[in-house]
Amino acid sequence: MKYREPPGTAACDSFPNAPTASPSGVAHAENDAAGTLYLGDNLEILRTCIPRNSADLIYLDPPFCSARNYTLTAGKRNGETDGAPTAVFTDTWRWSDQAEQDFQAVLKENGAVAETARALRSMLHESGLTAYLLMLARRLLALRTVLKPSGSLYLHCDPTAGHYLKIVADGIFGRSNFINEIIWHYTGGGRSKSRFSQKHDCIYLYAGSGNRVFNPDPIRVPYKPTSGYAKSGITSKAGKRYFPDPRGTPPDDVWDIPIVNPMSRERTGYPTEKPPALLERILLASSNSGDTVLDPFCGSGTTLYAAQKLGRRWIGIDNAPLAVQYSRQRLLAAFPGIVFTVHAAMEQRETMCRLSPA
Ligand SMILES: C[S@@+](CC[C@H](N)C(=O)[O-])C[C@H]1O[C@@H](n2cnc3c(N)ncnc32)[C@H](O)[C@@H]1O
């Protein structure tokens with residue numbers, strides 16, 4: 001049974017419900033539904049519900065191996081704290097039977113990713129970090145299957161494990177498909193007195209395997225006020241004149257985008273939420289109108305919100321009931337009349353419907 005969320009309401013369905021791929025391979029081909037939200041473990045959902053070669057753009061913002069567990073306090077959105085914290089998701093890792101299973105599953109893939117897994121285990125031993133990297137290796141393998149050859153994948157992480165993840169991702173997508181390391185630089189928050197304050201995340205961009213979309217024009221930014229080129233252009237040695245583009249210049253790989261201001265209306269209050277401006281730049285650059293955008297760790301639904309705003313179809317997955325609840329409420333509030341589908345296991349459905357965003 002499939003269920004389409006009627007405009008302006010929040011409802012959920014039982015899972016699993018594998019949507020059928022259309023002949024064009026478009027995922028969640030459910031007539032006019034704008035997108036699909038899944039509550040559950042993304043590994044399972046990617047394998048059972050998302051057709052192969054169906055996503056034009058994948059953005060993933062998984063836990064970063066931060067050794068923290070994230071909670072949410074009711075009312076926190078406006079800086080108040082009027083309730084007991086609710087656990088949302090964990091980001092603490094240790095070696096376990098699950099990690100051993102992940103290791104064996106990655107070895108079965110053979111090739112570079114299996115070699116990388118062996119090397120990481122030998123170097124980092126049976127540690128929490130190794131368990132974390134293997135968890136993500138399995139999910140990146142599943143994502144490779146659902147990514148179109150012409151698609152792009154953005155892997156968001158930070159310096160805690162990013163350097164290891166890059167090796168894992170190179171083994172899965174191929175070094176030749178690595179396109180960019182984007183540094184997302186933000187300001188705000190406290191400053192360390194004992195080291196340089198960490199104020200950036202890393203985002204690795206990989207191509208599927210074929211020609212990918214890249215649209216520099218919609219993401220142009222103003223030239224720096226100090227740019228001489230912006231004022232008068234330049235003349236090459238051969239005498240050719242180059243003039244500045246009135247629309248500005250395509251951004252380089254260091255992006256200054258503020259985090260969501262705690263007092264802004266844009267803020268959902270979900271821990272680790274990313275700014276819509278970051279996702280809008282990624283979607284504009286690497287997808288076209290009508291394309292399918294997949295976020296397998298969707299949290300508060302920032303990617304889904306940006307996709308809906310920009311006319312892309314979307315698929316969001318999260319295993320935290322609160323995340324799915326935040327995402328659906330956010331979409332319903334921002335886009336009155338929106339029609340989308342929610343799949344949730346029966347037992348999780350009740351939890352999700354009990355929880356409501358702060
Ligand atoms: C860093 S947050 C994503 C935040 C999101 N980008 C936003 O803007 O709100 C990571 C999310 O991954 C989810 N998650 C962790 N492990 C998962 C899994 N195995 N399957 C699905 N979701 C998972 C967590 O519940 C959490 O919401």
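Mentor: Two strands pair if DSSP finds at least two bridges between them. Keep that in mind for this predicted model.

Trainee: How do you know that β11 and β12 pair?

Mentor: Count the bridges. Strand β11 (residues 292-295) and strand β12 (residues 313-318) share four bridges. The cut-off is at least two, so β11 and β12 count as paired. The sense is parallel. Within this pair, aspartate 295 stands opposite glycine 316 of β12.

Trainee: What is the order of strands in the open sheet?

Mentor: Nine strands run β10-β6-β7-β5-β2-β11-β12-β1-β13, with mixed pairing.

Trainee: What makes β10 and β13 stand at the edges?

Mentor: Look at the partners. β10 (254-256) and β13 (341-344) each have a single partner strand, so one side of each has no neighbour in the sheet. From one strand to the next, the twist averages 15 degrees.

Trainee: Which strands does α5 touch as it packs on the sheet?

Mentor: α5 touches β5, β6 (178-185) and β7. The direction of α5 makes about 5 degrees with that of β7. Helix α7 (residues 276-286) packs on the sheet too, touching β2 (55-60), β5, β6, β10 and β11. The direction of α7 makes about 155 degrees with that of β2.

Trainee: How do you know that the span of helix α5 agrees with what it should be?

Mentor: Do the check. Helix α5 (residues 162-173) has twelve residues. The expected span is 1.5 Å times one less than the number of residues, so α5 should span 16 Å. The end C-alpha atoms are 16 Å apart, which agrees.

Trainee: Which residues of α5 are buried, and what covers them?

Mentor: The buried ones are Tyr164, Leu165, Val168, Ala169, Gly171, Ile172 and Phe173. Their cover includes α3 (111-124), α4 (128-146), β5 (147-157) and β7 (200-207). After α5 comes glycine 174, with a positive phi near 95 degrees.

Trainee: Why is proline 63 called buried?

Mentor: Set the count against the cut-off. Proline 63 has 21 other C-beta atoms within 10 Å. Buried needs 20 or more, so proline 63 qualifies. Proline 63 sits in the loop between β2 and β3 (68-73).

Trainee: Which residues is proline 63 in contact with, leaving aside its neighbours within four places in sequence?

Mentor: Phe89 and Asp91. Proline 63 and phenylalanine 89 lie 26 residues apart in sequence, and their C-alpha atoms are 8.7 Å apart.

Trainee: How many residues surround the ligand?

Mentor: There are 19, and the closest are Phe89, Phe297, Gly299, Thr302 and Ala320. The shell divides into eight nonpolar, six polar and five charged residues.

Definitions and conventions
Residues numbered from 1 in each chain as written. Predicted model: local features only at pLDDT ≥ 70, side-chain atom pairs only at ≥ 80, totals over all residues. Helix = DSSP H or I, 4+ residues; strand = E, 2+ residues; numbered from the N terminus. Buried ≥ 20, exposed ≤ 12 C-beta atoms within 10 Å, placed from the backbone. Contact = placed C-beta atoms within 7 Å. Near = placed C-beta within 6 Å. Nonpolar A, V, L, I, M, F, W, Y, C, P; charged D, E, K, R; others polar. Axes fitted to C-alpha atoms, helices over the stretch in contact; angles between N-to-C directions.
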